[in-house]
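Here is a friendly note to read alongside the structure. Please keep the view open as you go through the points.

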Amino acid sequence: MEADGQALRPGLRLARPRPILVLVLLALTLAAVVYGLALQSRQASAPAPPAGSFHDVQLHRDEIAFARDPATYYSRVIAEERLRGYPLKPFVGVRPPALAFALAWLPGGETSARILIGALGAAVAGLWTVRLMGPLGSPGGALGGLAVATGVIAAFTPSSYLMHECWAGLLIALSLALHPGDRRTGRMGLLAASLLTGLAAGLIRELAIPFLGVMALMALVERRPKEALLWAGAIGLCLLALLGHALAVAPHILPTDQGVAWVRMGG
C-alpha cells in the first residue's frame, strides 16, 4: 500500500513535509541543551551543603533498607521523614514503595541496580535511534539519538538508581519506543511490552499515570478500543496501588505533621 507516493512503514509514519519539521525540532532541542549548559557554567556554583546534612538520596537509601522489613516499612519511613522535616500531607509526600521494595529484593544490590538502570538508558537511546531512522533516514536517526541521549544521560549518574523520576521517565520513553503503532506483525507482543513498561512507570511514580491516560486517549482517537481498555486497565491498577499506599500512610500521620501546597507562586 502507498500513500502520497511513499510506501507505508509500520509504526512511526511521517508524511513528506514532516521529517524536515522533526529534524528542525531536534536541532532546536540540541541547541537549547547546549545553551543551557553554557548558561549553567556562567552561573556561580551553589554553596556545598554542610557536612552530614540530610538529602533525598539518603532518604531513598533508607527506604530501601526499611523495605527489607515490610512490616515496619511505613512506620520507619514516615518517622524518618518527620524527623528530617519533610512534608507528609497529602499522602503523596511519602513516595510509593514499589521502587524501594524492588531494589531491596534485587539480587546484587546497588551494583545490579546501577547496571539495570544503565541498560535501561542505553535501550531507550538505542531503540529511539533505530525507530527514527525509518522516517528520518540515518542522519536524522543519529540526530534524534543524540537528542534522546541528552535525556537518558541521567541514568549513568551515581545516584540515578535511587531516583523514582529517573526510572519512571526512562520507562515512559521505553514504552513509547516499543509501541507498535500501525504495525501488524508481532503487534501483540510489542503492545504487551509497551503496556507493562508504562504500568511499571505508573507504579514507581504516580506522576507517570497521566501518560497512561494519554495512551488510552490516543488509542480511542485511532479507533483501537480494545487497546484503550488495556491502557485504562493499567490506570486502574495504578490507582488501586495508590489507594493502598494512601491507606497505609494514613494511620501514621499526626495532626502536627507538615503539609505542602503543590501550586504556589515562586516555584
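1. Where does Pro90 lie? Pro90 sits in the loop between H3 and helix H4 (98-104). For background, most peptide bonds are trans, and most residues other than glycine have a negative phi.

2. A word on the ground rules. This is a predicted model, in which local features need pLDDT of at least 70 and side-chain atom pairs count only at pLDDT 80 or more, while totals for chains, interfaces and linings use all residues. Residues are numbered from 1 along each chain as its sequence is written, and side-chain values use heavy atoms, with hydrogens and water left out.

3. The overall layout comes next. The chain has nine helices and two strands, where helices (H or I, at least four residues) and strands (E, at least two) are DSSP runs numbered from the N terminus. Read from the N terminus, the order of elements is β-β-α-α-α-α-α-α-α-α-α. Of the 267 residues in the chain, 37% are buried (buried means under 20% relative accessible area, exposed over 50%, and partly exposed in between, with a 1.4 Å probe and protein chains only). The accessible surface of the chain is about 15200 Å², and carbon and sulfur atoms account for 69% of that; the areas come from the Shrake-Rupley method with a 1.4 Å probe.

4. Contacts across the sequence deserve a look. Taking contacts between residues at least 6 apart in sequence, 71% join residues at least 24 apart, with contact meaning heavy atoms within 4.5 Å. As a separate example of distance in sequence and space, Leu25 and Gly144 are 119 residues apart in sequence and 9.6 Å apart in space, C-alpha to C-alpha. Leu25 belongs to helix H1 (residues 17-42) and is partly exposed, with a relative accessible area of 47%.

5. Now to H2 and H3. Helix H2 (residues 56-67) packs against helix H3 (residues 73-83) at an angle of about 160°, with the axes 9 Å apart. Axes are lines fitted to C-alpha atoms, for helices over the stretch in contact, and angles run from 0 to 180 degrees between N-to-C directions. The two helices are therefore roughly antiparallel (angles over 145 degrees count as roughly antiparallel, under 35 as roughly parallel, 65 to 115 as roughly perpendicular and the rest as oblique). On the H2 side, Leu59, Asp62, Glu63, Phe66 and Ala67 meet Tyr73, Arg76, Val77, Glu80 and Glu81 of H3. Asp62 is buried, with a relative accessible area of 16%, and its C-alpha atom is separated by 7.7 Å from that of Val77, 15 residues apart along the chain.

6. Compare that with H7 and H9. The axes of helix H7 (residues 187-204) and helix H9 (residues 225-249) come within 10 Å and cross at roughly 25°. That crossing makes H7 roughly parallel to H9. Their contact includes Leu191, Leu195 and Leu199 of H7 and Leu230, Trp231 and Leu237 of H9.

7. One backbone detail to finish. Which residue has a positive phi of about 60° although it is not a glycine? The residue is Arg223, found in the loop between helix H8 (209-221) and H9. At 76% relative accessibility, Arg223 counts as exposed.
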